[in-house]
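Reader: I have a structure open and have not looked at it before. Can you walk me through it?

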Amino acid sequence: METSLGEIILELDVEKAPITVENFIAYARAGHYDGTIFHRVIKNFMVQGGGLTPDMQEKPTRAPIVNEAQNKLKNKTGTIAMARTQEVNSATAQFFINTEDNKFLDNAGTDPDNFGYAVFGKVVDGMDVVYTIEQQATTKVAGFDDVPKEPIVIQQVTVID
């Protein structure tokens, strides 16, 4: 993942999150992430991106995928997980990278309030870049909170088999 602040190398867990990994790779290969931004950055929590352009326009997505949060992978520092709405099976293209251990995002049951967020990989190089993103000053833009004042652009996501 090439960003305007540096490179992040991810290792995806196809064994434990096959649907989510396939989805992420399909978006990457289609060029969906190219030119999107990290639009939600919260210190001591996570950095989220993959869905909005620098002018805060949401990119079109395919249908949502099944939430694989029951795969036993945990939202630990450096893991990547799918962002979603309150609806359990609503993840499309947006993802987040945890900058802390966020146990409260892990699967803790089948009801919607406890279902959790599907982890599908981890940062294996470039966590320094993630922390640099996390430290950027944020503001409110177009109804969105926690938006970096200077856009942090995902220039390209390349899949390496």
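**Salt bridges, a strand and some pockets**

Author: Start with Lys140, which is exposed, with a relative accessible area of 57%. Keep in mind that this is a predicted model.

Reader: What does Lys140 form a salt bridge with?

Author: With Asp145; the closest N and O atoms of the two are 3.4 Å apart. Asp145 counts as partly exposed, at 44% relative accessibility.

Reader: How many salt bridges does the structure hold?

Author: Three. One of them brings together the side chains of Lys122 and Glu11, at 3.8 Å from N to O. That pair links distant parts of the chain, with Lys122 in strand 8 (residues 119–125) and Glu11 in strand 3 (residues 9–12), 111 residues apart.

Reader: Are Lys122 and Glu11 buried, exposed or partly exposed?

Author: Lys122 counts as partly exposed at 39% relative accessibility. Glu11 also counts as partly exposed, at 42%.

Reader: And what about Asp161, which residue does it form a salt bridge with?

Author: Arg29, and the closest N and O atoms are 3.1 Å apart.

Reader: Change of topic. Is strand 4 enclosed by the rest of the structure or open?

Author: Strand 4 (residues 36–42) is largely enclosed, because five of its seven residues are buried. Buried here means under 20% relative accessible area.

Reader: Which strands does strand 4 pair with?

Author: Strand 11 is one of them; the two pair in the antiparallel sense over two bridges. In that pairing, Thr36 stands opposite Ile154 of strand 11. Strand 4 is also joined by four bridges to strand 5 (residues 46–49), and these two run antiparallel. There, Phe38 stands opposite Gly49 in strand 5.

Reader: What sits between strand 4 and strand 5 in the hairpin?

Author: Three residues lie between the strands, and in this hairpin Asn44 takes a positive phi near 60°.

Reader: I also clicked on Asn71. Where is its place?

Author: Asn71 is in the loop between strand 5 and strand 6 (79–82).

Reader: Is Asn71 buried or exposed?

Author: Asn71 counts as buried, at 12% relative accessibility. A polar atom of its side chain lies 3.0 Å from the backbone oxygen of Val119.

Reader: Which residues line the largest cavity?

Author: The lining is made up of Thr20, Ile65, Val66, Asn67, Glu68, Met82, Arg84, Val88, Ala91 and Ala118. By class, that lining has six nonpolar, two polar and two charged residues.

Reader: How is the lining of the largest pocket split by class?

Author: It has 12 nonpolar, two polar and three charged residues.

Reader: What about the second largest pocket, what is its volume?

Author: About 180 Å³. Its lining residues include Gln48, Gly51, Glu58, Lys59, Thr61 and Ala83. Arg84 is also among them, and Arg84 lines the largest cavity as well.

Reader: And by class, what does the lining of the second largest pocket have?

Author: Two nonpolar, seven polar and three charged residues.

Key: Residues numbered from 1 in each chain as written. Predicted model: local features only at pLDDT ≥ 70, side-chain atom pairs only at ≥ 80, totals over all residues. Heavy atoms only, no water. 1 Å grid on protein atoms, 1.4 Å probe; cavity = no way out; pocket = protein on both sides within 12 Å on 5 of 7 lines; lining within 4 Å. Nonpolar A, V, L, I, M, F, W, Y, C, P; charged D, E, K, R; others polar. Salt bridge = Lys/Arg side-chain N within 4 Å of Asp/Glu carboxyl O. Buried < 20%, exposed > 50% of the residue type's maximum accessible area, 1.4 Å probe, protein only. Pairing = 2+ DSSP bridges. Polar contact = N/O pair within 3.5 Å; in protein donor to acceptor, adjacent residues only side chain to side chain. Points joined across faces, edges and corners; volume = space filled by probe spheres on them.
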